[in-house]
Amino acid sequence: GNRVEIAAQTFTNSCVFNQDRELISGHLVSLLTQLASNENNEEYTNSFLLTYDYFILPVTLLKVLILLYRSPVSPSTVGGGGESNIGYKSRLIDVFIIWISLRFESLHSNNGWVELFERFMNYIKSETPEFASSIQNTWRTLE
């Protein structure tokens, strides 16, 4: 497999959950994989996106999410068909929309982030225009 798959498989099981299946800790790669997972919940997504800048830069997080979008590593998509791939990408689009909604001011003022994000949006527009449209609508609403 590729390096992303190998890294994800190495760290996927390093998340620690409490008895209620709430994530309480994990290696950064496993936390990012969990963020992109359909098993993830809204509370985890919001908590991660409100606190990530304590342990990862916004541009680095954006690069990782782009990599995950372009090279899915979810167990349901590795070796899977196109249908689950679309579901996985849709989940990541939801993460982008939540991230933009929660952190618009800090992201909007980060020129490096905005430049990379615009390049990613151009990629999405050519691949899946409806995904690009949903993100752009969120961005325009907040501007």
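This is a predicted model: local features need pLDDT of at least 70, side-chain atom pairs count only at pLDDT 80 or more; totals for chains, interfaces and linings use all residues.
Let me start with a definition: helices here are DSSP runs of H or I, at least four residues, numbered from the N terminus.

Salt bridges, then. The structure holds three.

Start inside helix α6. Glu115 and Arg119 meet through their side chains in a salt bridge, 3.5 Å from N to O. Why these two? They sit four residues apart in α6, so about one helical turn separates them. Glu115 is partly exposed, at 48% relative accessibility.

Next, a pair between helices. Lys89 bridges to Glu127, with the closest N and O atoms 2.8 Å apart. Lys89 belongs to helix α5 and Glu127 to helix α6, residues 111–127, so this pair ties together parts 38 residues apart in sequence. Lys89 is buried, at 8% relative accessible area. Glu127 is partly exposed, at 32%.

Third pair. Arg103 forms a salt bridge with Asp53, and here the closest N and O atoms are 2.5 Å apart. Again, distant parts of the chain are linked: Arg103 is in helix α5, residues 82–108, while Asp53 is in the loop between α3 and α4, 50 residues away. How covered are the two partners? Arg103 has a relative accessible area of 13%, so it falls under the 20% cut-off and is buried. Asp53 has 38%, which makes it partly exposed.

Last stop, helix α2, residues 28–36. How many of its nine residues are buried? Seven, so the helix is mostly covered. The buried ones are Ser30, Leu31, Leu32, Thr33, Gln34, Leu35 and Ala36.

Notes. Residues are numbered from 1 along each chain as its sequence is written. Side-chain values use heavy atoms; hydrogens and water are left out. Buried means under 20% relative accessible area, exposed over 50%, partly exposed in between (1.4 Å probe, protein chains only). Helices (H or I, at least four residues) and strands (E, at least two) are DSSP runs, numbered from the N terminus. A salt bridge is a side-chain nitrogen of Lys or Arg within 4 Å of a carboxyl oxygen of Asp or Glu.
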